[in-house]
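Thanks for asking me to take a look at this one. Here are my notes, in numbered points, for you to read alongside the model.

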Amino acid sequence: MIPTIEWHNNHVRMIDQRKIPGRIEWFTCRGYRDVIRGIQVMVIRGAPAIGVAAAMGLALGARSIRSKLYTPFMKKFEKIAHEMLLARPTAVNLRWAVERMTRLAENMAELPVIKIKSALRQESEKILAEDIEINRRMGKHGQGLVPKGSTILTHCNAGSLATGGYGTALGVIRAAHESGKKIQVIADETRPWLQGLRLTAFELMEDGIPVSVIADNAAGSLMRRKRIDLVITGADRIAANGDVANKIGTYQVAVLAKINRIPFYVAAPISTIDPTIKNGDMIPVEERGPEEIYRFGKREIGPSGVRVLNPAFDITPAKYVSAIITEKGVIRPPFKKGIKSYL
Ligand code: MRU
């Protein structure tokens with residue numbers, strides 16, 4: 001498994017996911033604004049990976065603050081944290097990481113600023129290590145839901161690259177594969193960024209897990225023909241009632257799964273649950289630029305000046321979700337009660 005993000009000397013570097021599978025290249029961040037840019041232009045993407053990047057970005061930002069006195073240091077740190085929060089709106093892991101880092105700095109008011117800076121870097125390393133561990137635990141809990149010899153549909157990339165390592169949805173798939181279940185995967189290509197074709201297929205092929213890629217619009221037909229046994233996706237934010245925000249196209253997969261009586265599972269860490277959001281309608285959905293739709297690579301393929309809608313995520317109502325797989329265990333409906341007991 002290639003790493004997603006790491007400290008390298010005094011910089012943060014991330015594998016540039018825009019270039020996979022063609023090239024495996026590092027994108028080096030010398031300051032926190034490089035991290036923000038990396039998140040915005042999708043050098044790094046996937047909810048937990050964005051959280052890790054935000055934490056490392058804040059540690060980088062803290063290092064660049066010149067003041068040695070706590071109050072002015074904190075004032076600047078909070079400004080950086082605010083900028084970081086605006087990088088991308090949907091994945092709540094970003095806010096979760098920013099709040100964890102800010103709390104840490106707030107609780108160290110009596111220490112010299114230099115100590116706070118090094119504690120922030122250590123905390124960002126801890127968040128990365130914890131994320132990998134959480135995904136392994138999620139895999140163990142989730143793999144019990146995967147029957148031997150089954151075919152699993154997944155959407156987007158909820159793999160090692162979308163996290164600190166191992167993956168959420170792909171973590172469950174990896175755990176099922178490691179336990180010898182002889183599974184296979186169907187990956188939606190996931191227009192317009194093609195995370196399924198470029199990243200999920202790449203990761204699974206590297207691990208020797210059989211994978212076939214389909215055009216997004218083939219999923220329904222394959223379900224009707226009984227070629228898919230279950231669906232597992234990741235999530236960017238889960239509301240208190242179990243509604244799930246995930247990559248655009250997830251909703252239609254969930255509805256099709258329900259109609260075809262196929263279980264639809266969501267694998268996500270507890271940090272993806274946002275108890276402040278009552279239901280999915282309140283989750284902010286990112287709108288991205290039109291060129292992602294009318295261009296293919298560098299080539300414009302739509303008629304010049306065509307209007308485009310490009311919501312990057314959608315909301316799957318809880319009624320279509322069979323279970324939510326977390327590092328603490330599997331939450332079954334009714335989700336409102338189940339989620340509360342897991343927080
Ligand atoms: O736009 P992206 O690539 O950041 O969207 C990613 C997804 O929607 C993933 O499914 C989600 O973040 C879960 S990743 C473990």
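1. First, a word on naming: helices (H or I, at least four residues) and strands (E, at least two) are DSSP runs, numbered from the N terminus. Please keep in mind that this is a predicted model.

2. With those names in hand, have a look at Pro192, which sits in the loop between β5 (184-188) and α7. The peptide bond joining Arg191 to Pro192 is cis, with omega about -5°.

3. There is another cis peptide bond between Pro333 and Pro334, where omega is about 0°. Pro334 belongs to the loop between β16 (329-331) and α11 (335-342).

4. Tyr166 also deserves a glance: its phi is near 80°, a positive value in a residue other than glycine. You will find Tyr166 in the loop between β4 (151-154) and α6. As background, most residues other than glycine have a negative phi, and most peptide bonds are trans.

5. How do α6 and α7 pack? Helix α6 (residues 169-178) meets helix α7 (residues 195-207) at an angle of about 20°, and their axes are 12 Å apart. The two are therefore roughly parallel to each other. From α6 the contact uses Leu170, Ile173, Arg174 and His177, and from α7 Thr200, Glu203, Leu204 and Asp207. These contact residues comprise three nonpolar, two polar and three charged.

6. On to the ligand, which 19 residues surround, the closest being Arg45, Ala47, Asp236, Asn246 and Lys247. A side-chain N or O atom of Asp236 is 2.8 Å from a ligand oxygen atom. Arg88 places a polar side-chain atom 2.8 Å from an oxygen atom of the ligand, and Gln195 has a polar side-chain atom 2.8 Å from a ligand oxygen atom.

Terms used. Residues numbered from 1 in each chain as written. Predicted model: local features only at pLDDT ≥ 70, side-chain atom pairs only at ≥ 80, totals over all residues. Heavy atoms only, no water. Axes fitted to C-alpha atoms, helices over the stretch in contact; angles between N-to-C directions. Parallel < 35°, antiparallel > 145°, perpendicular 65-115°, else oblique. Contact = heavy atoms within 4.5 Å. Nonpolar A, V, L, I, M, F, W, Y, C, P; charged D, E, K, R; others polar. Near = heavy atom within 4 Å. Polar contact = N/O pair within 3.5 Å; in protein donor to acceptor, adjacent residues only side chain to side chain.
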